[in-house]
Amino acid sequence: MDHDRILRRLLDLVYPQACRVCDQRVSQGPPLCAACRNRLPANERGCPLCAQPDTGSGPICGACQRHPPAFDGVYAPWHYTAPIDEWIRQFKYSDQISLARLLTDLTGADLAPKLGVRESRRLVGEHVVSANDLIEGVKPEDTIFVSHRKFDIWTEGKKNIEAYPDVKHHGIPYRSLLPRELNGLIVVGKAISGTHIAMSAYRTQGILAFVGEAGGVAASLCAKRQTSPRNLAPAELINTLSEPPHSVEIDAYKD
Ligand SMILES: [Zn+2]
Ligand SMILES: [Zn+2]
């Protein structure tokens, strides 16, 4: 058991938690008992596009049918009524910071699986990271991060990695963050420019955190130098990163 969990157990013993609704003692987790949690005003029939609670007779609300929004969807797990509205007000305006844990649990537990999409749209960038780059261990000069995670391709909920060869230490180049046909934009996360197969190897958080840092640092350098992302000198970006790219090699992701 790690120190945080031991400390939390001790605090629970000394200062037992009470349910925010019924005051019953709650032994672990957020301060809400199971019965009260089940009675929370869940937005079960919300419009999948705009999250409005009442969709009428159809699956999508009338407003979205008349004017489909430009985005794919909004997720609102709860109705903004008691006790949720009161908790949000207390958290925002009455310094009840302890409510953060409860509100995080209430939103995060439902939201996380919805966000955990392994693959979606990707950029076509100045460089498209390919499976061959990974197999051959290509490390371009503008490498912002060196990775060594194996291919991890899923099809229809089932892993399918046996057919793919091993990955060598390879570089993610700065150019894969830059759209080929658009100036003034830096793209980070899983949307960087790479093929379906290559992306399966670099899409994990440990790697994308470094890609995100590189994108943020590049944006700040562009602002300082009054230049565009495409004209930024990769060497300056690489020298400004908190970890020199070639010294950070992720080997640990062998799940
Ligand atoms: Zn309760
Ligand atoms: Zn709607």
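Biologist: How many residues of strand S3 are buried?
Modeller: Bear in mind that this is a predicted model. Strand S3 covers residues 143-147 and is mostly covered. The tally of buried residues there is 5 of 5.

Biologist: Which residue in S6 does Ser 147 stand opposite?
Modeller: Start with the pairing: S3 and strand S6 (residues 170-173) are joined by 4 bridges and run antiparallel. Across from Ser 147, the S6 residue is His 170.

Biologist: What span should helix H8 have, given its 21 residues?
Modeller: H8 takes in residues 205-225, and each residue counts for 1.5 Å.

Biologist: What arc do the buried residues of H8 cover around the axis?
Modeller: The buried ones are Ile 207, Phe 210, Val 211, Ala 214, Gly 215 and Ala 218. They sit on the same side of H8, because the arc they cover is only 140°. In general, an α-helix has 3.6 residues a turn, so residues three or four places apart point the same way. As for the arc you asked about, that's 140°.

Biologist: What percentage of the protein's residues are buried?
Modeller: The protein has 9 helices and 7 strands. Out of its 255 residues, the buried share is 22%.

Technical notes:
Residues numbered from 1 in each chain as written. Chains lettered and ligands numbered in written order. Predicted model: local features only at pLDDT ≥ 70, side-chain atom pairs only at ≥ 80, totals over all residues. Helix = DSSP H or I, 4+ residues; strand = E, 2+ residues; numbered from the N terminus. Expected span 1.5 Å × (residues − 1). Buried ≥ 20, exposed ≤ 12 C-beta atoms within 10 Å, placed from the backbone. Arc of directions from axis to C-beta. Pairing = 2+ DSSP bridges.
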